[in-house]
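Here is a short report on selected residues. Please keep the sequence and the model in view while reading.

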Amino acid sequence: MKKILLLTVIVLVGYFAGSPYLALMNLKSDIESRNGESLAEKVDFPSVRESLKDQFNVAMAKATMDSSNEDDPWGAAGAAFGAAFASTLVNGMVDGLVTPSGLIELMSSGEIDSSDAANQPQTETQQDLAISDAVLSYEGINKFSATLVNDDGDEMKLILKRRGLSWVVTDIRLPLDDFGA
């Protein structure tokens with residue numbers, strides 16, 4: 001009886017510790033096979049969209065403030081108006097691009113392409129996924145991250161959170177440090 005209990009505990013701990021790695025392997029498989037339906041089950045799209053909108057809006061506000069002239073009040077007002085207008089554009093752009101096919105393209109190449117080419121099958125050399133060389137780590141008991149580094153050294157981070165017994169992507173953090181520069 002003790003052996004069965006010990007074996008059960010070992011299996012549960014193993015599953016608990018290994019499940020995010022399994023989730024990422026399934027995510028990678030969905031990206032390689034370009035299976036948008038299966039990918040959609042593994043991504044919390046409303047959460048990812050809000051995160052990306054916030055990141056772009058902060059980066060644009062920072063770029064606008066950095067480029068505005070403090071001595072020119074009209075210029076500062078124009079910059080603030082431009083930032084508000086750009087925020088509306090960003091919200092629409094993110095809503096349109098953060099889809100299963102858009103995420104497949106982003107994670108395959110590190111770039112989002114909204115053209116029809118995004119729906120075309122990739123060649124074998126294009127299929128060298130960014131997710132293959134990820135740095136994986138727990139950030140908490142129910143939070144896991146995969147940091148992807150592209151050829152330029154820029155890092156994109158996927159944040160997965162536990163939902164019941166499975167893991168879903170809830171956040172994608174892009175390298176927006178040089179945005180607008």
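The model is predicted, so local features need pLDDT of at least 70, side-chain atom pairs count only at pLDDT 80 or more, and totals for chains, interfaces and linings use all residues. Residues are numbered from 1 along each chain as its sequence is written, and side-chain values use heavy atoms, without hydrogens or water.

**Accessibility**

Buried means under 20% relative accessible area, exposed over 50%, and partly exposed in between (1.4 Å probe, protein chains only).

| Residue | Relative accessible area | Class |
|---|---|---|
| D154 | 33% | partly exposed |
| K53 | 10% | buried |
| L165 | 67% | exposed |
| R34 | 24% | partly exposed |

**Patches**

Patch residues have over 30% relative accessible area and no salt bridge; like charges are joined within 9 Å, nonpolar side chains within 5 Å. A salt bridge puts a side-chain nitrogen of Lys or Arg within 4 Å of a carboxyl oxygen of Asp or Glu.

A negative surface patch gathers D151, D152, D154 and E155. D154 sits in the loop between strand 2 (143-149) and strand 3 (155-163). Helices (H or I, at least four residues) and strands (E, at least two) are DSSP runs.

Y15, L22, M25 and L165 make up a nonpolar surface patch, together about 440 Å² of accessible area. L165 lies in the loop between strand 3 and strand 4 (166-173).

**Single residues**

K53 belongs to helix 3 (residues 45-67). Beyond its neighbours within four places in sequence, K53 contacts V90, N91, V94 and D95. Contact means heavy atoms within 4.5 Å.

R34 is in the loop between helix 1 (2-32) and helix 2 (36-40). Its phi is near 55°, a positive value in a non-glycine residue.

Terms used. Accessible areas come from the Shrake-Rupley method with a 1.4 Å probe; for residues, only the protein chains shown count as cover. Lys and Arg count as positive and Asp and Glu as negative; His and the chain ends are not counted. The place of a charge is taken as NZ of Lys, CZ of Arg, CG of Asp or CD of Glu.
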